[in-house]
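These are my notebook entries on a structure that I had not examined before. I set down what I looked up, entry by entry.

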Protein chains: 2
Amino acid sequence: MSRKRLRTIGILGGMGPEAGASFLVRIIRETAAGRDQDHAPVILYSRPQVPDRTRAILHGGPSPVAALRRGLRALRDAGADFAVMPCVTAHHFHARLAAGAPLPLISLVDETVAAVRKMRPATKTVGLIATTGTVRSGLVARAFAAAGIEVLVPAPRDQERVMAAIYGKKGIKAGVTAGPPRTVLLGVAAGLVRRGAQAVMAGCTEVPLALRPGDLTVPLVDPLTIGARAAVRRSGARLRRAD
Amino acid sequence: MSRKRLRTIGILGGMGPEAGASFLVRIIRETAAGRDQDHAPVILYSRPQVPDRTRAILHGGPSPVAALRRGLRALRDAGADFAVMPCVTAHHFHARLAAGAPLPLISLVDETVAAVRKMRPATKTVGLIATTGTVRSGLVARAFAAAGIEVLVPAPRDQERVMAAIYGKKGIKAGVTAGPPRTVLLGVAAGLVRRGAQAVMAGCTEVPLALRPGDLTVPLVDPLTIGARAAVRRSGARLRRAD
């Protein structure tokens, strides 16, 4: 067999653990494979003890940068050829991490903007459901603005409800993906669509654990799936559906 | 906060990729966690290019031992404190790997025998649905025999159907977990129960991707869940349900 050698995907996970696992599952599902050997090698580094990203951005909490750098080094040491962070909020630190990183670090946010432009070139407005850290940091809004797309965010009251749905005692990070957390996200997404969003970005990787593409009247843009496809492509493995 | 430091779980995956991901999901689900930081750190090394275990055992194909040793070293280098292989067939090589391994290697098979003895001390007979490599190697039968439990395996014709359900073009390793593969496994499991099995062991880690506990009239023993719980316990994280 003369098959090309596949590159090894590094996943800098743990933010949270569910999102990392979900990203791994998407990489497998998005690969066209008839047998094990067709899948790209993957190394996942999940250390949920990394300081909270939202707290660092909003409240001057401890920075996660040193812990994330250690993760990138561990991935490189274990044989990863490039890395992805399945956590949108952590992308606030992407530029700082990518500079001088021991291996290339794909940006979920840049991949998402590129995918929206490619799939729906006429898009002018995207709604964003994300952590308050991501919303306030403006990282998604800036990336879309550079492509001429405006980002709508929930009203402050709704934003608080999104945070409770993600971080609450009975929220997504506690393993609850149906019931109240899902109802809150559905309501907030519908509100963004009413205000003119032509697509809604699941801007926190916990969101698509509770919301599904068929739930909305506009496309649900899922950076986890987009990033998984980018990683598969870059590994040299075959994508299940063509772009 | 004075919380004890959690040990890092190493997963030697890729055999196949779905089973590795599924094992990671079980580790997360079996952990009692109210927030990300309660979860144990995990490093997963998934290199599906490791030589096929069944072919090595039955047909003198290339040995997977060197590739698995490299995986264990990569896990240790990335910071894992101990490792598990979510692939029962690979446990044919467990003793050889564990001797001189760079980190302790939990045995899914030994953990499974211990769990059956603990949960159902009266068990005398267990049915086994596994790859032909696992069945012929006798590794499961020997481990149970040491605990006074007999292992029943499918008739040769049924064993061939199990292999097709796992490895076939439209089998579990190709991502098909419903329909014909599931029907075959249900029929074979029912046959083992008729012959006297008081429990059925999902002896290939692909089996519980298609069979669920409620499907049978006797317990479905799932080494992936048992192994995940063993790993969580060993990491120092809290289990969701007590043993």
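**Entry 1. The model and chain A**

I note at the outset that this is a predicted model. I looked up the secondary structure of chain A and found 10 helices and 7 strands. I then looked up the extent of its C-alpha trace, which spans about 55 × 40 × 35 Å along the principal axes of chain A. I also asked how the radius of gyration of chain A stands against that of a compact globule. For 243 residues such a globule would have a value near 18 Å; chain A has 17 Å, so the two agree.

**Entry 2. How the two chains are related**

I looked up the peptide bond from M15(A) to G16(A) and recorded it as cis, with omega near -10°. G16(A) belongs to the loop between β1 (9-13) and α1 of chain A. In chain B, the bond from M15(B) to G16(B) is cis, with omega near -15°. G16(B) is in the loop that lies between β1 (9-13) and α1 (17-29) of chain B.

I turned to helix α1 (residues 17-29) and helix α10 (residues 223-235) of chain A, which pack with their axes 9 Å apart at an angle of about 50°. Angles from 65 to 115 degrees count as roughly perpendicular, and those under 35 degrees as roughly parallel. α1(A) and α10(A) are therefore oblique to each other. Their crossing is right-handed.

Which residues of α1(A) and α10(A) meet? From α1(A) I listed A19(A), S22(A), F23(A), R26(A) and I27(A); from α10(A), L224(A), T225(A), G227(A), A228(A), A231(A) and V232(A). By class, this contact of α1(A) with α10(A) has 7 nonpolar, 3 polar and 1 charged residues.

I then examined chain B, where the axes of α1(B) and α10(B) come within 9 Å and cross at roughly 50°. That makes α1(B) oblique to α10(B). The crossing of α1(B) and α10(B) is right-handed. The contact of α1(B) with α10(B) divides into 7 nonpolar, 3 polar and 1 charged residues.

**Entry 3. α8 against α9 in chain B**

Lastly I looked up helix α8 (residues 156-167) and helix α9 (residues 180-194) of chain B, whose axes come within 9 Å and cross at roughly 150°. α8(B) is thus roughly antiparallel to α9(B), and their crossing is left-handed. On the α8(B) side I recorded D158(B), R161(B), V162(B) and A165(B) in the contact, and on the α9(B) side P181(B), V184(B), L185(B) and V188(B). How many residues of each class does the contact of α8(B) with α9(B) have? I noted 6 nonpolar, no polar and 2 charged residues.

Notes
Residues are numbered from 1 along each chain as its sequence is written. Chains are lettered from A and ligands numbered from 1 in the order in which they are written. This is a predicted model: local features need pLDDT of at least 70, side-chain atom pairs count only at pLDDT 80 or more; totals for chains, interfaces and linings use all residues. Side-chain values use heavy atoms; hydrogens and water are left out. Axes are lines fitted to C-alpha atoms, for helices over the stretch in contact, and angles run from 0 to 180 degrees between N-to-C directions. Helices (H or I, at least four residues) and strands (E, at least two) are DSSP runs, numbered from the N terminus. Angles under 35 degrees count as roughly parallel, over 145 as roughly antiparallel, 65 to 115 as roughly perpendicular and the rest as oblique. A crossing is left-handed if the near helix is turned anticlockwise from the far one by less than a right angle, and right-handed if clockwise. Contact means heavy atoms within 4.5 Å. Ala, Val, Leu, Ile, Met, Phe, Trp, Tyr, Cys and Pro count as nonpolar, Asp, Glu, Lys and Arg as charged, and the others, Gly among them, as polar. The radius of gyration is taken over C-alpha atoms; the globule rule is 2.2 Å times the number of residues to the power 0.38.
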